[in-house]
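Trainee: Could you walk me through this one? I have not looked at it before.

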Amino acid sequence: MVDAKRYIQLKLAEKLTKPCLVIISQDGLGEVFPLLSGGNTLGSGEEANVHLPYRGIDPVHATLHLDETLTLEANSANLVLIDGQVVSGSRALQVGNTIELGVVTMKYREFDEEDETYHEALRQLAIRDGLTNLFNARYFRDALVKEHDFCVRKQTSLALLFMDIDHFKQINDRFGHAFGDFVLKELARLLTTRLRGYDLLARYGGEEFVFLVREESPESVHELAERICADARNHVFHFAGVRTRVTVSIGYEWWNGIDRDLTSEDLLRRADDQLYRAKSNGRDRVEPNEVKARASSKN
């Protein structure tokens, strides 16, 4: 018979591990990239299997070759550092080495399935809002920079919608915070039904939500905002015997992707200014309130 200690050792030996890169810096924190046998491209290009759409990273920044060992080949004029030392040409990697490309730092690890599940759970905690399970403000701000850069490269449009629940404090004061939390969660569920696969929705803080909508006309963005207002207005929020309705206000900014003078921060600020206008002009409305004025910005 095999004793208990030996049995545990044998079971542990059976666990299959695979080489991975784990982002340990702020941008992309916790993201895990399993490495493939043969070549692995690291870069900001959409074809890179270790896709790093962050500042200071070239479309093909470096290549990893995995056979019996893992070797890094620096392909870029940008710096590549291993354990803080600049690398030129080829360099063999050991488990535990750190790799720095642009603003991103990764660690070379060997993970089994449980490790991957654990790290993915940690990553979700870092990027999701605990109440609504939408992306959080930190993730949104990072995504806004990346989407802005993508639209500059592709010269395609991007719209940012800023939404706020009207008189939300009164809802909390009248019905209690548990009902207020229900409204936030239920509204988040409604909002997700209006998203396409590549749109992004986040809870920005309190009763504020933000959307990023890529490659749509000003008319389509305005119609989306009006539909969201109508969805909220017509929905009955029913929880713990309480039934009520709420309204929302939305401000948006549409950008053609060609005007490079407009930054991601400008896009956010302008949408926030439009939200303030919607609040000031009576709430339960969209600003700008005329599509024609927005469509002219394409010319």
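Mentor: Let us begin with Asn133, which is found in the loop between helix 2 and helix 3, where helices (H or I, at least four residues) and strands (E, at least two) are DSSP runs, numbered from the N terminus. This is a predicted model, in which local features need pLDDT of at least 70, side-chain atom pairs count only at pLDDT 80 or more, and totals for chains, interfaces and linings use all residues. Residues are numbered from 1 along each chain as its sequence is written, and side-chain values use heavy atoms, with hydrogens and water left out.

Trainee: OK, and what is the phi of Asn133?

Mentor: Asn133 has a positive phi of about 65°, although it is not a glycine. Most residues other than glycine have a negative phi.

Trainee: Is Asn133 buried or exposed?

Mentor: Asn133 counts as exposed because its relative accessible area is 51%, given that buried means under 20%, exposed over 50% and partly exposed in between, with a 1.4 Å probe and protein chains only.

Trainee: Which residue other than glycine has a positive phi near 50°?

Mentor: That is Gln155, and its place is in the loop between helix 3 and strand 12 (158-165).

Trainee: Switching topic, how do helix 3 and helix 7 pack?

Mentor: Helix 3 (residues 137-154) and helix 7 (residues 264-280) pack at an angle of about 120°, and their axes are 9 Å apart. Axes here are lines fitted to C-alpha atoms, for helices over the stretch in contact, and angles run from 0 to 180 degrees between N-to-C directions.

Trainee: And which residues meet there?

Mentor: From helix 3, Phe140, Leu144, Val145 and His148 meet Ser264, Leu267 and Leu268 of helix 7, with contact meaning heavy atoms within 4.5 Å. The residues of this contact divide into five nonpolar, two polar and no charged; Ala, Val, Leu, Ile, Met, Phe, Trp, Tyr, Cys and Pro count as nonpolar, Asp, Glu, Lys and Arg as charged, and the others, Gly among them, as polar.

Trainee: Where is the cis peptide bond, then?

Mentor: The cis bond joins Glu287 and Pro288, with omega about 0°, and Pro288 has its place in the loop between strand 18 (286-287) and helix 8 (291-295).

Trainee: Last one: how many helices and strands are in the chain?

Mentor: The chain has eight helices and 18 strands, and buried residues make up 45% of its 299 residues. Its C-alpha atoms fill a box of roughly 70 × 60 × 25 Å, taken along the principal axes.
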